Amino acid sequence: MFAAQARPPSLLKSEISASPAPPSLSALFAGCRKNRRTKKPDFVVGVGGSRSIRAVISSGDNNVGTATQPEMGSDGNGSLRSSLLSSSIDVRAVVTIRKKMKESLPEKFEGQLQSFINGIGQGIVIQLISEEIDPVTKSGKSVESAVRGWLPKPSNNSNIVDYTADFTVPSDFGYPGAVLITNLHGKEFFLMEIVIHGCSEVPIFFPANSWIHSRKDNPESRIIFRNQAYLPSQTPAGLKDLRREDLLSKRGNGKGERKPFERIYDYAPYNDLGNPDKDDDLARPVFTGEERPYPRRCRTGRPPTNSDQYSESRVEKPHPVYVPRDETFEEIKEATFSAGRLKALFHNLIPSLAATLSSSDIPFKCFSDIDKLYSDGVLLKHDDQKEVLPMLMRTVISAGERLLKYEIPFIISRDRFSWLRDNEFSRQTLAGVNPVNIERLKEFPIVSKLDPALYGPPESAITRELVEQELQGMSIEEAVEKSRLFILDYHDILLPFIKKMNALPGRKAYASRTIFFYTNRGFLRPIAIELSLPPTPSLHHNRRVYIHGHDATAYWTWKQAKAHVASNDAGIHQLANHWLRTHACMEPYIIATHRHLSVMHPIYKLLHPYMRYTLEINALARQSLINGGGIIEACFSPGKYAVELSSAAYKSMWRFDMEALPADLLRRGMAIEDPSMPCGVRLVIEDYPYAADGLLVWSAIKEWVEEYVAHFYSDPSSVSKDVELQAWWNEIKNEGHYDKRNEPWWPKLNTKDDLSGIITIMVWIASGQHAAINFGQYPLGGYVPNRPTLMRKLIIQEDDPEYEKFIYHPEQTFLGSLPTQLQATKVMAVQDTLSMHSPDEEYLGQQHPLYCHWINDPHILSLFDKFSSRMKEIEDIINGRNKDINLKNRCGAGVPPYELLLPTSGPGAEESHQSQASRLAPFLEQLDPSKHSLSYLYILEAYTSVPVQKEKVSEIALSTVNFINSCLAEQIRLVPAKFTSLCKRFKDQVLLLQSPIQGVGPSRTAVRKLQPSSEHLTALHPDFLQLCLLSKCYKAGLCVLEEDIFEVDQPKDFFLYCYYGGMICIGHKLFHKAMELLHNVVTAPMSTTNAIAVEAYKKYILVSRIHNGQFSTTSFPKYTSSVAQRSLKNFSLPYVDLANSYGTGKIAELESCAETNREKFELDNTLGLAKQVVSSLYKRNIQRLTQTYLTLSLQDIANTV
C-alpha cells in the first residue's frame, strides 16, 4: 500500500524505525503508480532534509511491507544509470520559477507572453554540466537544451510555475554537478530550483532561490550547483573552473556604480551617512582610520558629493540603496508585517507624525498624556497611506482621518507602576532589552581611564562611606570579594561626547555610573548613581552622586537620575550593542562569505540561513535610521554624534573573541570559570535570565557547529589547507574590519576547533544575541518614562531658577525632561516595527521551506534534526524557568516572563499582543482576506489565540469560516503552521459548540487550500476526519480517504489519519477498507508504543472477526515493529480473549467472554462492535451448517433420522 521515495535511511531513527525490505524501490514505486487499485505494494516511511515523510498511500491496498532505499553513492543522490543497449539516456529538467504574489494587469500579460516565448524555446536555455572532464574541451562535459512547452506545467500554487527541458545525454556523461541557465527574456525572473530526473534513481536537486538576470543586462550565464557540499580540494574536475568563475563573478572589480540586477559584493567605508550637498548641518564624517574606526559596508559605487569628494552621494527614499540582488527582501517580507512595514514606516508614518505634531511639538504635561497614546491614539493628518501599518498599531479610519493607536507595552500591561520601582530598574539590567553591559565591580575606588588633563580627576565621586551605608553591615572589600557589587558604567564612553551633545538643541545628558548591591534576599538594588559633566575652569570635579532618599524631593531627584541612566543605556544599546555588534560588524562576514566561499562550500551552506536580509536591513538603516537627520539622530541623546559614539564603542569595546557569550560573561565578571558546567562557566548571579537562557542556546549552537565541522574536516590539516576558507578569514580581518586588522586578539584559523569557535560566534551573534537585544524594544521601551531615549534637561539643583517650580510641580518637571510627543511617537513606531518577526522568519533549529534541499548529506541532516530536537528541549526549559517562583527576575506578580531567547518565540511583544487580542478586531475589518490573506491570517490567529467566553465562540468561529473560504491558498501556504493553528482552534470551537457538522465543510476547504498537492497528507486531515466521524458525515470523509497519499509531514498525522479513517469506514460498514487503514497503524514503524496504535489494534481485532472471521492472535506480519509485537497484545487482552473464543466456534463461550469483558468494552466504547462479533459467529455457524448439509445426499440425511 505504501512506497517511499528515496530518503536517507539514517534519519529514520529520529522519528520511527524501519524494518528490512524488498530490494527494488524503483520497481515498487512503478508498480504502485501503474496499478494502484489492484496491486498490493509495500510500506516504508523515511525522513528527509525537509523533515517530511515521503510515502504513497493507495486507497485499494491491503498488503503491507517495507522497501529499502536505493543503493547510494557517497554523495547520497544515487548512482548514474548506464545503458548497455544504447549510447544515450533521456533526462528531464524541471525548472521551478516563482512569480510575484501580486501582479498588475500588464505584469500578468507579460507573464503570458513569457510563457509563449518559453514555448518556442526562445526564453530560457539551460546547460547541464557533468562532474567529469571532457577530454576535448578540458572542462566539464555538457549538453544544452531550451525550455519548451506552450504553457508551464500546472502547479498547485498559482505563483509557482514548472517548466521542463529534455536532454539526451551520452551514457558516459557522468554525474551532473552544475547547470548553466541563460535568461533570454528582457527582464529577470526568480528561479527556485532545478530538478534533474533520469540520471539516477532519485531526483537531483539544484537549489537556486535566486534572481536570474536578463542576458540584456549581463551576457554571462548563471551557474547553479547541485546540493552537494565539496571542500575546494574535493571539487570534481568538471566543476573546478565553474566554482572559480562563480566566485569571481560576485567580487567585481571595485569600479563603477552598482546596478540593481548585479550580485557584486565589495567593501566601502561608511561615507554615505551625510548629505552636505543638501545642508551643511547634514555633513557627516567618513568613518574609517585611527580616529574614527568602523567596520566596512557593502560598496555601492555611487559618485562623491559635490561638497566633499570623500563622501558618497546619497540615495534618498523611496529609491532603494543598492544591495546585491539576492540580498533584497523576499516578497513575503516586503509585503507583510516586517520589511513592508519598515518601508511604510519610514516613507509614510513618520512624515505623517511629523506633520501632525511638529506645529505643537510639546512635552507630555502629565502621565495621562502618555496613556492617551494607547487609549485615544494620534490623529494623523495625511490619509494617503496605503501600506499596512505596524502590527502593534491599531488603525481606525473615521471621517477622513487616520487614528493611530499603540498597543500597551508589556512593561506596564501587567503592572502599571513597576517601572517606578528600584527592583524593576535593576531587573532590566539582567532581563531587559540591554542585559549585556552590567559588570561585577572588581575594584574600589572606581577610577576612569580617560586623560585627567581633559576630563578631570580620574577618581569617582562615589565614596566608601556612601556605598558602605547600603551594604547591610558589609565592608566594600568584603562585598567585592563575595561578588555582591555590580556596576553599569557609561562614564568613559560618554564623557568625551557630553559637551557636544549638550550643545545640541533639546539635549541634556550626563556620563553615568550606577552601583548595584546584590542583597541577601537575592535581588539587585541600585544604591548610588554618579552623573558627570565635563570639567569647567571653575568646577574641575563636575560630578554629583545621587542615592535613593526617603523624602519626597529626594524621591523625585532619584527618579530623574534613574531616567538619565536609562537614557544612556538606551543610546548605548541601540548604537553599540544592537546596530554595531549585530548589524554593522556582521556585514563584513556576509560580504566575505559570498566573495570567497563557493555555494558548494560546507561553511557557506552552514552560514547562509543566518545571513538573510542583513545587508538590506543595514542599507535601509543607512538610508533612514543612522543617517544625518535620521530617526536615531532625532530621537536619541547623542543626536548628530550618534555614529561617532558607535565608532568610539567599536574602537574601545569591540573584540571578535569577546563576542562569544561565555567569554563576554567572564570579561564582565558575570561568570567564573567552572569546567564542570556545560559551557565551562558558572554564573555569579544564577537568576540572570539573559545569560542563563543564552548559555543553553550557545551550547546547542556550539555542539551543532562542532559536529558539522568535524564531519567535513576529518583531516587535522584540512582547515589550514582550505584555500577558500583561509582567504575568507583573512579578508574578514584585513578588509571587512580593516581598522582592527592589526589587533592581536583575532583568533587563528588552523584547526577545526578554531573554525568551530569562529562559526559559533557568528551564528550566535546573528541569532540568539540579536534576538535578545532587538525583539524586546517595544515591550520595554514603548513606555517612554521607563526607557527614555533622550533627556532634554539636567537635574534641577537648589540654586536653579526653576527649582521652585520643581518643588510645586515635580511631575511636570520630570515629564518635561523626557522626549517630546513627536520624538516619543517616532521612536515608538520604530521600536514597534523592529520588535516584530517576519512571517518567513527562520528560527534556530528550523528549516525555511525555500531551502529544504540545502544539502543532500544524510549525516548532516541527521545532525540538524538532533539540533532541532535540542532547541525544542531548550524551549521547554525556558518555559519552565518562567514559571519558577524562585526566579524573581522572570516570575512574580506583574513580572514579565523572559521570552526573548525562546527558539521559536514570536515578536517581543507577542504576549502583550495576545493579551490585547480583542483590540485587533477593528484592524481585521480593514483587510480583505481574499487579497491580504497573509496579513489577515496573522491577526486572526492572534485574535483567536486567547480564551474567550462561550457566547462569543460562535462569532469567532464564523470569522474563521469566512477567512477559510476566501483566503488565497498560495499565501497561507507560506506560513502553514499559523494556518494549521487557526484551523485546529476552529475545530475545538465547533466541538465546544457541540456542532461538529458545522466544521466539516470549512475543514475540507482548509485541507484543500493547505495541500501543496492532492497527494500530500497535512496536519488538518486528521481533524477533518474526526469531525466527519463525530458528525457521522461518513461520505464526506470517504471522499478524502479515496485519494492516494504520497507525502506525510508528521508520523502522528499518519497514525490519526488512518485511525479516524478506519473508524469512518466501520461506520459505513466498509470493513475491508477499515481493516486496511487500521492495519497501517498497527504495522507502521514505531519506536515506542503509542495510544493510537493500541486503539487501532483493538478495533482491528474486532473488525477482522466481523468481516471474515479470521484473525491470528499469535503472530504479526514480519515487517511489524518489535515494539508493536511486544506490547500491543498486552494492552488488548480482553480483545485477544474475544478473538480466541471466536476461534472455537462455540457461541456460549464467546457470549461468556463478551459478558465477562463487558465493562472494558463499554469503557472503550467498543461494546457495539463486540456484539457484532457475537452476531457474526451466529451467522458463520449457520453458513457452515448450510455448507455441511449441502454436501450430504438425501440417503445420508435419511439414515440419520
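Where is Met-600 placed?

**View 1. Met-600 sits in a loop between two helices.** That loop runs between α14 (587-596) and α15 (602-607). The model is predicted: local features need pLDDT of at least 70, side-chain atom pairs count only at pLDDT 80 or more, and totals for chains, interfaces and linings use all residues. Residues are numbered from 1 along each chain as its sequence is written, and side-chain values use heavy atoms, with hydrogens and water left out. Helices (H or I, at least four residues) and strands (E, at least two) are DSSP runs, numbered from the N terminus. Is Met-600 buried or exposed? Met-600 is buried, because its relative accessible area is 1%. Buried means under 20% relative accessible area, exposed means over 50%, and partly exposed lies in between (1.4 Å probe, protein chains only). The C-alpha atom of Met-600 is separated by 8.1 Å from that of Arg-243. Along the chain, Met-600 and Arg-243 are 357 residues apart.

**View 2. Leu-113, Phe-116 and Ile-120 make a nonpolar surface patch.** The patch covers about 260 Å². Patches are made of residues with over 30% relative accessible area and no salt bridge; like charges are joined within 9 Å, and nonpolar side chains (Val, Leu, Ile, Met, Phe, Trp, Tyr) within 5 Å. Accessible areas come from the Shrake-Rupley method with a 1.4 Å probe, and for residues only the protein chains shown count as cover. Phe-116 belongs to helix α2 (residues 105-119). Its relative accessible area is 45%, so Phe-116 is partly exposed.

**View 3. Asp-326 and Arg-263 form a salt bridge.** What is a salt bridge? It is a side-chain nitrogen of Lys or Arg within 4 Å of a carboxyl oxygen of Asp or Glu. Side chains of opposite charge can pair when their charged atoms come close. In this pair, the closest N and O atoms are 3.5 Å apart. The bridge links distant parts of the chain, 63 residues apart. Asp-326 lies in the loop between β12 (297-298) and α4 (331-335). Arg-263 lies in the loop between α3 (240-251) and β11 (267-268). Asp-326 has 28% relative accessibility, so Asp-326 counts as partly exposed. Arg-263 has 14%, so Arg-263 counts as buried. The structure holds 55 salt bridges.

View 4. Asp-664 counts as buried, because its relative accessibility is 2%. Arg-667 is partly exposed, with a relative accessible area of 38%.

**View 5. Asp-988 forms a salt bridge with Lys-987.** The closest N and O atoms are 4.0 Å apart. Asp-988 counts as partly exposed at 45% relative accessibility. Lys-987 is buried, with a relative accessible area of 13%. Elsewhere, salt bridges that share partners join Asp-272, Arg-297, Arg-302, Glu-312 and Arg-622 into one network.

**View 6. Helix α39 passes α41 in a left-handed crossing.** A crossing is left-handed if the near helix is turned anticlockwise from the far one by less than a right angle, and right-handed if clockwise. The axes of α39 (residues 1091-1108) and α41 (residues 1133-1144) come within 9 Å. They cross at roughly 15 degrees. Axes are lines fitted to C-alpha atoms, for helices over the stretch in contact; angles run from 0 to 180 degrees between N-to-C directions. α39 and α41 are therefore roughly parallel to each other. Angles under 35 degrees count as roughly parallel, over 145 as roughly antiparallel, 65 to 115 as roughly perpendicular and the rest as oblique. Helix α37 (residues 1051-1067) also meets α39: their axes come within 10 Å and cross at roughly 30 degrees.

**View 7. Lys-317 and Pro-318 are joined by a cis peptide bond.** Omega is near 10 degrees. Most residues other than glycine have a negative phi, and most peptide bonds are trans. Pro-318 is placed in the loop between β12 and α4.

**View 8. Ser-483 has a positive phi although it is not a glycine.** The angle is about 55 degrees. Ser-483 is found in the loop between α11 (476-481) and β17 (485-489). Ser-483 is buried, with a relative accessible area of 16%.
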